[in-house]
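Hi,

Here's the structure I promised to pass on. Have a look, and my notes on the aromatic rings follow below.

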Amino acid sequence: MKRNIIFLIGALVCFSVACKKDFLNHPSTTGPTTDNYYNNAEQVNGATGILYNNVWGDWFDKAFTSVGDLLGGTVTGTQGNDQYNSFYNFNIQSTDGLVSSTWNSCYKAAGQASVLIQTFKDKKALLGGTNTDFLDKGIAEARFIRGFAYFYIGRTFGDAPIVDNPLDLTKPGAYLVPKYHQKDVLRFALEDLQAAADGLPEVAAQDGRVTKYAAIGMMAKVYLYLKDYINAAAKAKLVIDYSKGAGNGVLGLNDDYNAMFTSSAAANVKNKENLFSLRWLSSMGWNGGNRFSIYAAPQPLVHPKPTGGNGYSAVVPSFDMLNPATGYETADKRRGWSVMQQGFHKDAWVNDNFPTGFTYDTTGRATDDHFIFTGTRSNIQKYIVGPNRADEPVTPDGHTSMPTFILRYADVLLIYAEAVLGDAGSTADAGALEAFNKVHNRAGLTSLTTLTQNDILHERKVEFAFEGDYWFDIQRQGFAKAQQIIASQERGTLDGNGRLTSFKATLNSAAQLFLPIPQAETAQDPKLLEPAVDYYK
């Protein structure tokens with residue numbers, strides 16, 4: 001923890017990133033102090049903008065997919081790949097780099113948000129509490145990000161430290177902090193999210209910034225994770241009612257699911273389905289561009305000019321997702337919107353080797369600049385925007401401007417349906433069916449007249465595949481059911497002759513539902529090896 005905290009103290013002066021004119025555009029802050037800065041909304045927005053971007057970079061690089069989708073079994077094809085292999089087979093060690101990346105990014109985001117919260121509070125005191133609405137909004141925005149960070153920490157690591165004010169940890173010995181019970185980590189997240197809901201506007205002043213209903217929707221997701229179905233349903237209903245009333249046209253399902261994941265303009269600009277997303281810009285490169293294309297895109301799409309980049313196909317859809325019995329059923333349009341397979345074609349994806357549009361071709365039996373030959377003969381389509389072009393820049397090192405969706409309106413609808421179902425075997429509740437079927441119908445599927453837990457879990461699997469979330473849906477079922485789900489998944493790949501090398505992962509203990517705390521952290525803070533204690537007395 002100590003090295004993370006030392007980094008955070010100086011982080012607030014590191015805003016000299018040149019971006020397009022949006023909220024990632026940070027004003028110059030050479031030598032800012034509370035006395036001479038944060039005097040207006042522009043300066044506060046410049047500080048909070050970074051919370052949506054590069055503080056999450058290390059996690060998003062590979063850990064995002066490894067935790068949410070490799071563990072969840074929606075992606076595969078990584079046998080033998082050292083960077084992903086431990087997540088593929090549940091042999092995760094405290095020395096794994098992606099464990100550290102997850103830990104460091106979450107605490108970096110939470111810590112930077114905490115520093116901003118305290119800084120803005122100090123500035124309010126200096127101003128005497130007059131004309132400080134812009135600071136109140138900054139505090140609420142930072143508390144949303146911190147709340148999400150601790151929600152992710154609690155789901156991923158279970159028992160974990162809570163650091164309300166990182167500046168306190170600069171005192172001698174103060175960085176030796178304990179683990180707190182997961183229930184306290186999640187309660188801390190809920191308190192932040194409630195404060196965010198109280199202080200954020202209903203409609204964002206800029207595309208992509210979080211709102212009151214983003215915070216309420218995230219609270220619904222936390223309550224669902226906690227199996228507090230009454231509160232989960234109540235919070236989700238607030239968001240749904242707003243979308244039908246004052247928020248009609250502002251919040252709802254996006255009519256074009258595919259474009260939402262393959263066009264940065266459709267994803268970023270007036271996207272009514274987006275409640276919370278991380279925001280990336282190709283021009284920021286490794287300091288804030290979306291690099292998912294590097295790992296997921298097929299080589300013949302992005303290697304030929306005009307992109308001249310790399311697409312390693314390091315993570316590809318699993319056979320569990322591709323099998324109609326366990327993943328996308330035959331009539332589900334989300335398969336064609338989310339996956340590339342033999343014959344897939346997009347006119348707008350033009351490069352030197354595909355002048356009339358890109359066609360996905362596996363007939364070459366090897367991967368080169370014309371053919372693709374992955375272990376499942378498929379690639380992820382979500383978050384892939386195609387080759388570089390004037391209206392969709394893709395850098396030679398693979399960065400795009402696609403956001404990463406963390407909470408979509410579709411999630412709120414399915415949260416509500418599941419929360420109404422609760423612990424019952426099934427439900428025919430009209431509200432739950434309406435919410436569920438809105439998501440289900442968009443995919444071209446016929447409405448259901450009753451819902452079970454398995455119906456909803458499967459819907460979440462196909463709706464949010466490759467979005468870094470499905471593992472947590474499995475995990476929250478409890479160890480016995482999670483063990484059963486994982487054991488049934490086909491994680492294998494095809495050899496060059498099309499023969500399946502089957503692989504079924506095994507969960508052996510409930511401890512495997514969570515990542516271990518990185519060894520580098522426990523070496524510096526031995527208290528993290530002790531049993532968790534209460535945060536709330």
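Over the face of which ring does Arg155 lie, at 4.1 Å from the ring centre? That ring is Phe472. The charged end of Arg155 also sits over the ring of Phe151, 4.0 Å from its centre. (A charge counts as over a ring if Lys NZ or Arg CZ is within 6 Å of the ring centre and within 35 degrees of the ring normal.)

Before you read on: this is a predicted model, with pLDDT of at least 70 needed for local features and 80 or more for side-chain atom pairs, while totals for chains, interfaces and linings use all residues. Numbering runs from 1 along each chain as its sequence is written, and side-chain values use heavy atoms, leaving out hydrogens and water.

Now the ring pairs. Phe, Tyr and Trp rings (six-membered ring for Trp) pair if their centres lie within 6.5 Å; planes under 30 degrees apart are stacked, over 60 edge-to-face, the rest tilted. That gives 32 aromatic pairs. Phe261 and Tyr383 are edge-to-face, because their centres are 5.5 Å apart and their planes at 75 degrees. Phe261 is in helix α10 and Tyr383 in the loop between β7 and β8, so this pair ties together parts 122 residues apart in sequence. (Helices are DSSP runs of H or I, at least four residues; strands are E, at least two.)

Tyr383 is buried at 0% relative accessible area, and Phe261 is buried at 0% too (buried means under 20%, with a 1.4 Å probe and protein chains only). Tyr383 also pairs edge-to-face with Phe292, at 5.9 Å and 80 degrees. Phe292 sits in helix α12, 91 residues from Tyr383.

Cheers

Conventions. Buried < 20%, exposed > 50% of the residue type's maximum accessible area, 1.4 Å probe, protein only.
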